[in-house]
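Hello,

Here is the structure for you to look at. My notes follow below it.

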Amino acid sequence: MSGVMKRMGMIFRAKANKALDRAEDPRETLDYSYQKQLELLQKVRRGVADVATSRKRLELQLGQLQSQSSKLEDQGRKALALGREDLAREALSRRAALQQQVTDLETQHQTLQGEEEKLTLAAQRLQAKVDAFRTKKETIKATYTAAQAQTRIGEAFSGISEEMGDVGMAIERAEDKTAQMQARAGAIDELLASGALDDSSGLAKDDIQSELDRLSGGTDVELELQRMKAELSGGSSSSQQALEGGQEQGQPSQAQPQDTPRFDKQ
């Protein structure tokens with residue numbers, strides 16, 4: 001059972017990895033990485049700003065403590081000048097305590113100043129890396145886009161792309177149907193011409209019937225022409241009867257004159 005579960009897990013991970021690989025766009029991944037680097041750079045800059053703010057606050061405190069120390073020193077001198085040694089001693093004691101605070105603050109100030117310098121240098125280096133990554137990112141994106149376009153053009157020319165494959169299949173189906181209809185139409189024409197199929201409309205005629213109709217039409221025209229000539233010339237009724245008799249027989253009667261040969265005497 002454990003072996004089956006391991007196998008199912010491996011198959012699932014393999015299919016998930018393949019699906020993610022198809023869905024992944026390198027350009028989007030590069031843009032996401034660049035965005036993360038910008039966020040990191042902003043954090044470093046905020047850290048530099050926070051350290052600089054702390055350093056500035058210590059500098060203000062140091063200034064105040066130094067001012068108080070100088071004031072206590074002046075007060076001690078004045079008290080000593082007035083013969084108040086006890087007041088002078090108290091003023092010098094307070095000044096000594098302030099000096100200890102000043103020393104501590106100066107140590108913290110130096111530490112913060114060192115951290116600020118380190119963060120500033122790190123921010124500058126990170127900024128340079130981000131700028132270099134941005135340039136490289138745009139170069140890779142442009143190269144990928146060009147390669148993708150070239151691949152699509154090559155697939156379109158070769159007909160192996162999915163879109164062009166569908167178009168090619170549609171063209172092949174249309175050509176097959178056209179060829180099938182042409183073959184069917186030609187076969188029907190041959191069958192009608194050979195008389196193997198009857199024309200239910202009565203419009204189609206075979207070659208023999210067409211020839212007979214043509215000869216019959218030509219004879220009717222000749223008879224009509226003879227009748228009209230007879231009417232115009234005022235022909236006799238015998239000519240009319242002859243014409244009618246010829247019409248019944250299907251051929252016009254024509255006189256064949258016979259010439260008697262003559263021989264000249266020499």
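**What was found**

Buried residues make up 12% of the 266 residues in the chain (buried is under 20% relative accessible area, exposed over 50%, partly exposed in between, with a 1.4 Å probe and protein chains only). This is a predicted model: local features need pLDDT of at least 70, side-chain atom pairs count only at pLDDT 80 or more, and totals for chains, interfaces and linings use all residues. Residues are numbered from 1 along each chain as its sequence is written, and side-chain values use heavy atoms, without hydrogens and water.

The chain has six helices and zero strands (DSSP runs, H or I of at least four residues for helices, E of at least two for strands, numbered from the N terminus). Helix α2 covers residues 26-81. Its 56 residues should span 82 Å at 1.5 Å a residue, and its end C-alpha atoms are 82 Å apart, which agrees (expected span: 1.5 Å times one less than the number of residues). G83 follows α2 and has a positive phi, near 85 degrees.

There are 14 salt bridges (a side-chain nitrogen of Lys or Arg within 4 Å of a carboxyl oxygen of Asp or Glu). E116 and R55 form one at 2.4 Å, N to O. That pair links helix α3 (residues 85-158) to helix α2, 61 residues apart. E116 counts as buried, at 14% relative accessibility.

E73 and R95 pair at 3.4 Å, N to O. E73 is in α2 and R95 in α3, so the bridge ties together parts 22 residues apart in sequence.

Best wishes
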